[in-house]
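Hi there,

Here is the structure I promised to pass on to you. Please have a look at it first, and then read my notes below.

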Amino acid sequence: MSHSPSLPDRPRLDLDPEMSEAERLEAIRKHFARIVQVNDELEDRLEDAESQREDLKDDVDSLKRENEVLKTSSLYVASVEEITDEGVVIKQHGNNQEVLTETASRLEADLEPGDRVAINDSFSIQTALDDETDARAQAMEIQESPDVEYADIGGIDEQIREVREAVEDPLENPEIFDAVGVDPPSGVLLHGPPGTGKTMLAKAVANESDATFIKMAGSELVRKFIGEGSRLVRDLFELAAEREPAVIFIDEIDAVAAKRTDSKTSGDAEVQRTMMQLLSEMDGFDERGEIRIMAATNRFDMLDEAILRPGRFDRLIEVPKPGVEGRERILEIHTEDMNVDDDVDLSAVAADLEDKSGADIASLATEAGMFAIRDDRTAVRRGDFEDALEKLEDADEVADRNVHYQY
Ligand SMILES: Nc1ncnc2c1ncn2[C@@H]1O[C@H](COP(=O)(O)OP(=O)(O)OP(=O)(O)O)[C@@H](O)[C@H]1O
């Protein structure tokens, strides 16, 4: 930028007392003329300066815009690995490069290992990505130790035994499989009507084997995360590897692994890609690792057989609705903390619950408690269970009219 010449001197009026009247007048006239001239000069300079200021302002604006673009368009996504005294260790997605970086203390206080963050070209953390932007967090439910135990599950003891053998034993005693020279099942598929305890079983086996429970719902993959299904499946296995020992649980697997239909829409192609990703993840899997894979479905009949081949979901466990003894056990579990009158015979209540699932029985118990509360009582009576059953059946009837469930 060129330096502007210095401003003109301020004109001075020197009047000599010796001067004649005419000479004074002449001096004042000249002084006035100089003032007018300096004034004109200053006005010109002001005009120049103003137009220069306009130009500079335009420059500033465009630089500001450029800066904004630089700040917002070239951010990369990374995960926080560790927070140390020297800074935050992050791992960049895509190339897995680990970097020690600094972050504003405003952000650092809220960061935790596992969080996703946006970083700029020089790896400095710009923002923490909240759950809304984090599809991975939305699509998966992660529990370090789910609060379900085998003792909380009633009526499916044989299924518990099978799941322990296929999931817990390989996690806890992999050497037994090595010694005998057999591979444990690759994947365990639980199938049966809704509300029979499939999710509970998966949570319980994760809990009792001290493994992280990572759940992904197949239906959400195809409904909420359109276009992201195969990436999320990849993320799922990556996450399990980071958190092992881990139990991966894919609920409603039929949503991504249904038999191919004749009608080929683009949605089907996307679902197909998600399933292919799942199969390739399972095929490339070392069975003896510390990750076990489970899935559940209410629609076994709809599954594509490709997912049932050896090396994939090769252990099938049917989880049926409970028989009368199972129903009684489930009733006991769900009324354990309730104040139930001594004269209530749970086996008689269970006998009336033909065809009900564990989930039905859990809501029956809660509903019976509600009837007691409405009646201003603190103890639940036999009649409350009867009223609750009636209510449940009315609700079922409405549901049946709306959905035709086929299992
Ligand atoms: N066998 C059972 N013993 C005790 N409680 C049960 C049992 N089955 C179901 N429940 C109750 O029903 C709820 C739902 O069960 P869960 O989610 O495990 O069923 P699910 O088979 O996975 O169902 P869905 O196929 O609908 O996902 C449980 O939280 C529990 O309260």
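A residue is called buried when its relative accessible area is under 20%. Thr-101 has a relative accessibility of 6%, so this residue counts as buried. You will find Thr-101 in strand E3, which covers residues 98-101. From there its side chain reaches the backbone oxygen of Phe-123 at 2.6 Å.

Before you go further, please keep in mind that this is a predicted model. The average pLDDT of the protein is 85, and 89% of the residues score at least 70. Among the elements, helix H6 has the highest mean pLDDT, at 96, while helix H3 (residues 135-139) has the lowest, at 66. As for the overall scores, ipTM is 0.96 and pTM is 0.67.

Some of the individual contacts may interest you:

- Gly-154 places a backbone N or O atom 2.9 Å from a nitrogen atom of the ligand.
- His-334 has a side-chain N or O atom that is 2.9 Å from a nitrogen atom of the ligand.
- Asn-298 brings a polar side-chain atom to 3.0 Å from an oxygen atom of the ligand.

On its own, the ligand has 630 Å² of accessible area, and the protein covers 77% of that.

Is Glu-208 buried, partly exposed or exposed? Its relative accessibility is 31%, so Glu-208 counts as partly exposed. The C-alpha atom of Glu-208 is separated by 6.9 Å from that of Glu-149, although the two residues are 59 residues apart along the chain.

Best wishes

Notes: Residues numbered from 1 in each chain as written. Predicted model: local features only at pLDDT ≥ 70, side-chain atom pairs only at ≥ 80, totals over all residues. Heavy atoms only, no water. Polar contact = N/O pair within 3.5 Å; in protein donor to acceptor, adjacent residues only side chain to side chain. Areas by Shrake-Rupley, 256 points an atom, 1.4 Å probe, with all protein chains shown as cover. pLDDT = per-residue confidence, 0-100. Helix = DSSP H or I, 4+ residues; strand = E, 2+ residues; numbered from the N terminus. Buried < 20%, exposed > 50% of the residue type's maximum accessible area, 1.4 Å probe, protein only.
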